[in-house]
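Subject: Structure for your files

Hello,

The structure is pasted below, followed by what I found in it.

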Amino acid sequence: MSEAAGQGTSDAKEEPYGLIASYTRPGHPDFLDLPWHLPLAGWSSSCPRIVQVERGLSRHEVLFVSYPPAIYALKELPSGVAEREYDLLLELEKRHLPAVTPVGRARTRTMAGEELSVLTTRFLDSSLPYRTLFHAPGLASYRERLLDAVAGLLVRLHLAGFYWGDCSLSNTLFRRDAGELRAYLVDAETSACKDALTDAERHQDLLIMEENLAGELATLVAQAAGPPVGAETGRQVRERYARLWEEITREETLSPVESYRIHERIRALNALGFSVGEVELVATGERNRLRMRTIVTDRDYHRHQLHTLTGIVAGDRQAQRMLDEIHEIKAMLTREQHGDVPLNVAAYHWMRERYEPALRKLAPLVAATGDALELYCQVLEHKWYLSEREHHDVGLGRALEDYVARVPGAA
Ligand SMILES: Nc1ncnc2c1ncn2[C@@H]1O[C@H](COP(=O)(O)OP(=O)(O)O)[C@@H](O)[C@H]1O
Ligand SMILES: [Mg+2]
């Protein structure tokens, strides 16, 4: 953390102006070379670090600055507001919820004597604002997934006791995750963090989401930028939210001899990507009946497992696809060696025989897109597509060659 002196003195007020104080987490630049004596709106002509990136709509002045290899987002807010949002983003991080990473906050004073605050976050790499998803041809299939991603994000926040207060498409960033989308919260200005949310609070958050989405999509349609999306989009997100919420929070009753049902329930939640932290079993008062409640801790079940096995940090669905391959190899090795092969042996085999050689072949594409894991998953998808067409497993090597041959500039 650093405390910086002001950069000038205002004649009118005899008070320093510019940067009054800045606090930055270690591992990031100190940002002291930025033109803090100006409001953010005046930086474009005097700051060579500014970069233009795809972004959503915003109420406040938001700028992006480059400190290679990283990009940071700076948001100018009224005095004291950046500090609050910074704390909320930290809390999200502590609760392992998907959101942009808070990096620092600053207090500034304009030459006119007005105090402002600035929030700095790390630019979320490989993220897409929703407008890109609606504009770009070929991304239509993602629109449906966008609804799932927003619903999934709201469920995760609510399970963790986090009230968003301004869920909108502009306040969400999307990352590709093995053909699906993963949503991240980007704007926590109106949020509140509690131990648990009441049904009324969840309802209120959903109402805000519906209203915001209706407004945003109407604007897109008015600009003829997107497909004719109806006002029902918000309702569809709510319905998906309700289904997922019900699935996760559902309580079941069982008898002590039905312990297999506990495993079934855990497996069903894991398949949705949720890690189960605890299974609570409480006597119902009825003879031999127990009430089962599962407590999920995050939606990174496959991610954690892949990371433990291989050290790779992937999206949860990407991880799920790769784990499927590792399990396939385990079965194959077990057959060949006439004995059970542990999963970490299969994982090692997968890394050396499949993953690393594939990435070497994909290197030109990886250099162009920077998204190695997503490319690898696309090759897997291509393998399924070819195998289905040809009614047999075509193998990864063949899929890779075909994939690379189809993408211009990749070979
Ligand atoms: N850390 C970040 N990474 C990527 N994009 C960001 C980041 N912070 C902000 N943005 C972009 O800037 C836009 C505005 O940021 P936001 O925090 O929502 O500002 P406001 O409070 O003014 O609405 C977002 O829609 C998003 O596209
Ligand atoms: Mg916003």
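Arg243 and Glu246 are exposed on one side of helix H5, while Gly234, Val237, Arg238, Tyr241 and Leu244 of H5 are buried. Seen down the axis, the buried residues of H5 fall within an arc of 135°, so they line one face of the helix. The arc is that of the directions from the helix axis to the C-beta atoms. Buried means 20 or more other C-beta atoms within 10 Å of the residue's own, exposed 12 or fewer, and partly exposed in between, with C-beta atoms placed from the backbone.

This is a predicted model: local features need pLDDT of at least 70, side-chain atom pairs count only at pLDDT 80 or more, and totals for chains, interfaces and linings use all residues. Residues are numbered from 1 along each chain as its sequence is written, and chains are lettered from A and ligands numbered from 1 in the order in which they are written.

Helices (H or I, at least four residues) and strands (E, at least two) are DSSP runs, numbered from the N terminus.

Ligand 1 has 21 residues around it, the nearest being Gly56, Ser58, His60, Ala73 and Asp187 (near: C-beta atom, placed from the backbone, within 6 Å). Strands E4 (70-78) and E6 (115-122) each give at least two residues to this shell. Domain 1 (8-122) and domain 2 (127-247) each contribute at least three; the bounds come from an automatic or database domain assignment.

Regards
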